[in-house]
Amino acid sequence: MPDSDSLRDEISREVDANTILVYGKGTKDAPRCGFTLETIQFFNHFGYPFEVIDVLENVPKREVLSQMTDWPTLPKVFIDGQFYGDTDILGPMAESGELSTLLGKVFEKKGVKPSVVL
Amino acid sequence: MGNTNCIPAMIDRDGVVALIRAQMPDADVVVTDLTGTMDHYDIRVRSSAFTGKSLLDQHRMVYAALEDARQDGRIHALQLKTEVPSA
């Protein structure tokens, strides 16, 4: 079983590798929690690439994630390496326009344009 | 809502309010039972204790107040909205 240091390294690598990263319950194709599904739909709407990592059954990794973020629940969202909580936080940021600005900025840095969404 | 035979694995809306007010006595708390099963709640909290805190920290404060009820499963899922009272 991996120790918490190696889990921290694994999480850091995953956060670095994905501009938008959701740790959730279930996958994009098969979410296993209403809030994870809601988060997937939330980011689908923005049209930028994002990754979902299923940690439902990985209790040690969930514990390390909670310690790293000081946040007890899933899903947990990282954008450009920073922790942003969940859609309870991102929803108000979307309404104020702050989130579009942030995503525009971080993806422009990487040369990624949003795909057109309905 | 007249339900007096709650099993211990539940918490009613007043119970949620009491846990939050124990940490933030001035809080205005509105709790909605999303599923009718008394364990999925929408919780809205307005408190001066949030003044100067980031939204993330405001939510952390409410999660801390509800820590025991989440750990023992009385609250299975919650969605949360926090705000600072307008002056």
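Author: Two residues are in contact if their C-beta atoms, placed from the backbone, lie within 7 Å. The model discussed here is predicted.

Reader: How many residues of chain B are in contact with chain A?

Author: The interface can be counted from either chain. Chain A contributes eight residues. On the side of chain B, the number of residues in contact is ten.

Reader: Which element gives the largest share of the side of chain A that touches chain B?

Author: By class, that side of chain A has five nonpolar residues, one polar residue and two charged residues. Three residues, the largest share, come from one element, spanning residues 87-95 of chain A. That element is helix H4 of chain A.

Reader: Are A:Lys76 and A:Phe78 in strand E3 of chain A buried or exposed?

Author: Strand E3 covers residues 76-79 of chain A. A:Val77 and A:Ile79 lie on one side of the strand and are buried.

Reader: Which residue stands opposite A:Lys76 of E3(A)?

Author: E3(A) runs antiparallel to strand E1 of chain A, residues 20-24, and four bridges join the two. The residue opposite A:Lys76 is A:Tyr23.

Reader: Which residue in the turn between E3(A) and E4(A) has a positive phi?

Author: Strand E4 of chain A, residues 82-83, pairs with E3(A) in the antiparallel sense over two bridges. A:Ile79 has A:Gln82 as its bridge partner in E4(A). The two strands form a hairpin with two residues between them. In the turn, the residue with a positive phi, about 50 degrees, is A:Asp80.

Reader: In what order do the elements of chain B run from the N terminus on?

Author: Chain B has three helices and three strands. From the N terminus on, their order is α-β-β-α-α-β.

Reader: What percentage of contacts in chain B between residues at least 6 apart in sequence join residues at least 24 apart?

Author: Chain B has 87 residues, of which 24% are buried. Among its contacts between residues at least 6 apart in sequence, the share joining residues at least 24 apart is 54%.

Reader: Why is B:Arg46 classed as partly exposed?

Author: B:Arg46 belongs to strand E2 of chain B, residues 40-46. Leaving aside residues up to four places away in sequence, B:Arg46 touches B:Ala27, B:Asp28, B:Glu83 and B:Pro85. A residue is buried at 20 or more other C-beta atoms within 10 Å and exposed at 12 or fewer. B:Arg46 is partly exposed because its count of other C-beta atoms within 10 Å is 18.

Conventions
Residues numbered from 1 in each chain as written. Chains lettered and ligands numbered in written order. Predicted model: local features only at pLDDT ≥ 70, side-chain atom pairs only at ≥ 80, totals over all residues. Nonpolar A, V, L, I, M, F, W, Y, C, P; charged D, E, K, R; others polar. Pairing = 2+ DSSP bridges.
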